[in-house]
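Please keep the sequence and the structure in view while reading.

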Amino acid sequence: MNRQAPTLEDVAREAGVSRATVSRVVNGVRNVDPAIQDLVRLAIERTGYAPNRAARSLVTRRTGTVALVVSGAGDTSEEEQNAFAARVFSDPFFGRVVGGVVGFLRPRSMHPVLMFAESPEARQEVVRYLRQGNADGALVVSTHPDDPLPALLAGAGLPAVLFARPVRPVALSHVDLAHWDGGRIAAERLLARRCRKVATVSGPWAVAASQERLAGFRDTMARGGHPYVPVAEGGFTLDSGVAAMTALLAEHPDVEGVFAANDLMAQGVCQVLRERGRRVPEDVAVVGFDDSSVAATCRPPLTSVRQPVEDMAAAMARLLDEHVRGLRTDPVAVLFEPELVVRESA
């Protein structure tokens with residue numbers, strides 16, 4: 001015989017409170033004494049009560065779901081969109097974003113829905129998905145400075161929070177890193193090692209974070225007596241790091257220190273140096289950026305400027321939750337500080 005599922009009445013009886021009080025706790029109403037909330041939650045665990053999500057959404061007007069959107073500015077073919085998705089899944093940066101978002105959502109019984117928006121049709125699908133009430137809001141990770149999705153979401157009045165400050169002003173909250181300071185920290189490390197000939201592998205020049213990291217690095221090197229720093233543009237990938245370092249060595253074979261604007265490119269830098277018989281860090285010191293899993297597995301392990309991606313992603317999810325619950329109405333910016341993690345490469 002099937003056992004009947006526990007009800008609100010069962011929880012109320014177990015907790016010694018009214019059904020209405022249990023309902024307020026389950027639906028996240030804030031005017032309930034914290035001690036009573038704890039009592040009700042304990043009763044929920046004891047009885048095994050599971051809220052009916054459909055019924056709960058009618059009361060709270062929330063789905064318990066958020067859209068985690070990876071968006072760009074492309075108008076690409078289906079094949080190119082699939083390749084883009086594959087690159088995202090292979091990038092340790094995005095895995096850290098997901099980890100931070102899930103770490104915030106899971107204890108609150110909330111769930112992410114992954115969406116890609118690399119074409120006009122896909123972007124409209126995201127807007128339509130949110131307008132139809134399928135998710136409470138969107139967490140947007142843009143891969144291109146000309147991404148039109150943030151403006152579409154803001155124009156539609158939909159709750160959304162961005163990872164990284166948008167190039168064009170848009171009335172949405174965002175989290176970001178003090179990238180200029182990250183470049184400064186990398187330069188200070190190479191200056192402290194007395195590297196005389198220094199070069200850098202930047203990220204894509206169109207990306208604001210790349211520009212800021214490069215500016216911080218070059219400004220600090222100039223103050224340290226190095227007014228000229230050769231630059232090769234990369235694409236935040238291993239292969240682009242290999243190509244950029246190959247080009248730099250061709251023109252500047254006596255380089256003694258390299259700053260790469262992310263760890264994947266720094267790994268490519270180390271690979272080229274190893275193939276050319278240059279020792280890291282004895283001959284060439286290398287500093288990466290992000291402090292991702294790549295930094296620990298690189299040969300040698302990378303000294304890297306840490307970007308606390310998990311904390312930033314959790315803050316992004318927290319901001320969205322506050323906007324959805326009406327605790328915030330105006331856009332805000334949360335800026336995180338970078339720090340140097342010293343390993344063997346510099």
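The secondary structure of the protein chain comes to 14 helices and twelve strands, and the model in which they are found is a predicted one. Of the 346 residues in the protein chain, 47% are buried.

**The chain as a whole**
- Among the contacts in the protein chain with a separation of 6 or more, 74% are accounted for by residues 24 or more positions apart.
- The protein chain has an accessible surface of about 17,000 Å², and carbon and sulfur atoms contribute 50% of that surface.

**The six-stranded sheet**
- Six strands form an open sheet with mixed pairing, and their order is β7-β6-β8-β9-β10-β12.
- The edges of this sheet are taken by β7 and β12 (339–341), and because each has a single partner strand, one side of each is left without a neighbour in the sheet.
- On average, and with direction ignored, neighbouring strands of this sheet are turned by 20 degrees against each other.
- Strands β9 and β10 run parallel and are joined by four bridges, with Val 287 standing opposite Thr 303 in β10.
- By contrast, β10 and β12 run antiparallel and are joined by three bridges, with Arg 306 standing opposite Glu 339 in β12.

- Helix α10 (residues 208–223) has 16 residues, which at 1.5 Å a residue should span 22 Å, and its end C-alpha atoms are 23 Å apart, which agrees.
- The buried residues of α10 are Ala 208, Ala 209, Ser 210, Arg 213, Leu 214, Gly 216, Phe 217, Thr 220 and Met 221.
- An α-helix has 3.6 residues a turn, so residues three or four places apart point the same way.
- The partners against which the buried residues of α10 pack are the helix α9 (179–192) and the strands β6 (198–202), β7 (231–233), β8 (257–260) and β9 (285–290).
- For α9, the 14 residues should span 20 Å at 1.5 Å a residue, and the end C-alpha atoms of this helix are 20 Å apart, which agrees.
- In α9, the residues that are buried are His 179, Gly 182, Gly 183, Ile 185, Ala 186, Ala 187 and Leu 190.

**Ser 304 in strand β10**
- Ser 304 belongs to strand β10 (residues 303–306), and with a relative accessible area of 0%, which falls under the 20% cut-off, this residue counts as buried.
- The side chain of Ser 304 reaches the backbone nitrogen of Phe 289 at a distance of 3.3 Å.
- When its neighbours within four places in sequence are left aside, the residues in contact with Ser 304 include Gly 288, Phe 289, Asp 290 and Asp 291, and also Glu 339, Leu 340 and Val 341.
- Asp 263, Ala 295 and Arg 343 are likewise in contact with Ser 304.

Definitions and conventions:
Residues are numbered from 1 along each chain as its sequence is written. This is a predicted model: local features need pLDDT of at least 70, side-chain atom pairs count only at pLDDT 80 or more; totals for chains, interfaces and linings use all residues. Side-chain values use heavy atoms; hydrogens and water are left out. Helices (H or I, at least four residues) and strands (E, at least two) are DSSP runs, numbered from the N terminus. Buried means under 20% relative accessible area, exposed over 50%, partly exposed in between (1.4 Å probe, protein chains only). A polar contact is a pair of N or O atoms within 3.5 Å; within protein, one must be able to donate a hydrogen and the other to accept it, and residues adjacent in sequence count only if both atoms are side-chain atoms. Contact means heavy atoms within 4.5 Å. The expected span of a helix is 1.5 Å times one less than its number of residues. Accessible areas come from the Shrake-Rupley method with a 1.4 Å probe; for residues, only the protein chains shown count as cover. Two strands pair if DSSP finds at least two bridges between them. Axes are lines fitted to C-alpha atoms, for helices over the stretch in contact, and angles run from 0 to 180 degrees between N-to-C directions.
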